[in-house]
Amino acid sequence: MFTCDVKRMEDKIKTFSKFGDAGHGGITRYSLSPEALMARAEFKKRMEAIGAVIEVDDVANMYATIPGSDPDAKRIVMASHVDSVKNGGNYDGILGVMGAMEVLETVVANNIPHKHPLTAMIWTNEEGSLYPPAMMVSGIVCNDYLPPQIAKNFKYENMMASKSVLDGTKTFGEALEASGYKGDKKYRLNPDQYKAMFELHIEQGPILEDAGNDVGVVDCVLGMFNYRIKFYGQAAHAGTFPMHKRKDALHAAALALCYLHEEIDKLGRPELVYTTGEILCHPCVHTVIPDYVEFSLDVRHEDPKVREQVMEIVKSLETKEWARCKCEIKEAWARDTVYWDKELVGFVEEAAKESGVKYQHINSGAGHDAQFASYMMPTTMIFVVSKDGLSHCEPEYSSPEQCTAGATVMLNAVLKLDAK
Ligand SMILES: [Zn+2]
């Protein structure tokens, strides 16, 4: 049983929080931005200081590796991302990179014997905040292993052509060329050279905190589906057209959305989550009755049967009339629940138990690079409690002790796999 160092972890948290500091407690650190390049330079500096060898692949993923006693053994990799959303916090993503660095630093400082080389890795552009989509680069690197309906959304050429949401012209490919971090394709994460992947991450929800636990042993990433729900009405003048003759698409959408909430809640599944976060209204003019409205519906649950029940409710929308408007639904995309490697989950649980940390099993509602990596090699995740369940915002917080506890669990889980 080995323990990571709180002081060293705290120093990393303070240092990395400066790169992209927005001045009110959080960061804006888009992938490959000057701020992200500062974080990468700090990673390189600290990893070279402990004798790690740095490699960079053709999509700017960085790998810092220390050797094990067996030069022929596959590497064990610990990976996450250094990019953030706009006005994000100091923990989402970077915790997993700092945790991986902390594991390597602890192994070197304590001369911990290990057979396999150990690698700390930075995934490029996980958030996709500046160059969509999210999980872009793990989608590229793991493309050959992904189910076809997911893989097609991450074609290399299309990703290189992804345009900046800020200026609408600069592409991800251009940013990659300009970054100085376009390395060699031969260094990409691959199952011949790498044995397994771990990702330490903040929970991003309130479950651990509500239960009084500090660490989550993650079992899976929830399956989900996403629909576009569309309403067709008739535009007319807001002042002259009587209410009883209107086909108001926004009124229709509002009624349907309330219906969805009522019917889905009747399923009585407290662990089911669903969200309408996007709405389009045409023509969106205050003197015109809307003739077209479209909203998104994102639904997440582990059990495909439960997702199927929700889908039936969604499909029933089309069979009804909403404020005299026609409704059409269209599936945008869907993915099954991704279960982590059972053996690795077992090692994480043993490590959590032995370290004395308060832990529980938990699922991930959010997507992570680990999820794509899991199609390529055995993979698992470890969660650290998020204060007030907040993430993707500036108040995001986990204490240095909690972050270190998560790194300690990862270290000992890695050593268990190493010794197997
Ligand atoms: Zn993240």
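Predicted model: local features only at pLDDT ≥ 70, side-chain atom pairs only at ≥ 80, totals over all residues.
1. Before anything else, one cut-off to keep in mind: a residue counts as buried if 20 or more other C-beta atoms lie within 10 Å of its own.

2. How many residues of S14 are buried? Six of the six, so this strand, residues 379-384, is largely enclosed by the rest of the structure.

3. Now for the partners of S14. Strand S5 (residues 194-202) runs parallel to S14, and six bridges join the two. If you'd like a pair to find on screen, go to Met-197, whose bridge partner in S14 is Thr-379. Strand S6 (residues 215-221) pairs with S14 as well, this time in the antiparallel sense and over three bridges. Here you can look for Val-217, which has Ile-382 as its bridge partner in S14.

4. Ile-382 turns up again when you follow the contacts of Met-410. Setting aside neighbours within four places in sequence, Met-410 is in contact with Met-78, Gly-99, Val-103, Phe-198, Leu-200 and Ile-382. Met-410 is also one of the residues with the most contacts inside the largest nonpolar core, together with Met-78, Val-103, Leu-104 and Val-414. That core has 95 residues. Which helix gives the most to it? Helix H13 (residues 400-419) does, with 10 residues. Another core, of 19 residues, lies apart from this one, and Leu-250, Ala-252, Ala-256 and Val-310 are among its members.

5. Helix H3 is worth a stop too. Residues 94-109 make up this helix, 16 in number, and the distance from its first C-alpha to its last is 22 Å, close to the 22 Å expected at 1.5 Å a residue. H3 is mostly covered, with 14 of its 16 residues buried. Just after H3 comes Asn-111, which takes a positive phi of about 50°.

6. Next, have a look at strand S2 (residues 62-66), which is mostly covered, five of its five residues being buried.

7. Who pairs with S2? Strand S1 (residues 53-56) is joined to S2 by four bridges, and the two run antiparallel. Glu-55 stands opposite Tyr-63 in that pairing. The hairpin of S1 and S2 has five residues between the strands, and in this hairpin Ala-60 takes a positive phi near 70°. Strand S4 (residues 118-123) also pairs with S2 in the antiparallel sense, over five bridges. There, Ala-64 stands opposite Ala-120 in S4.

8. Finally, step back to the whole chain. It is divided into domain 1 (6-221 + 338-419) and domain 2 (223-335). The centres of the two domains, taken over C-alpha atoms, are separated by 36 Å. How many residues of domain 1 are in contact with domain 2? Four of them are, and they meet four residues of domain 2. On the domain 1 side, the touching residues comprise two nonpolar, two polar and no charged residues.

How values were computed: Residues numbered from 1 in each chain as written. Domains from an automatic or database assignment. Contact = placed C-beta atoms within 7 Å. Nonpolar A, V, L, I, M, F, W, Y, C, P; charged D, E, K, R; others polar. Buried ≥ 20, exposed ≤ 12 C-beta atoms within 10 Å, placed from the backbone. Pairing = 2+ DSSP bridges. Core = buried A, V, L, I, M, F, W, Y, C linked by C-beta atoms within 7 Å. Expected span 1.5 Å × (residues − 1).
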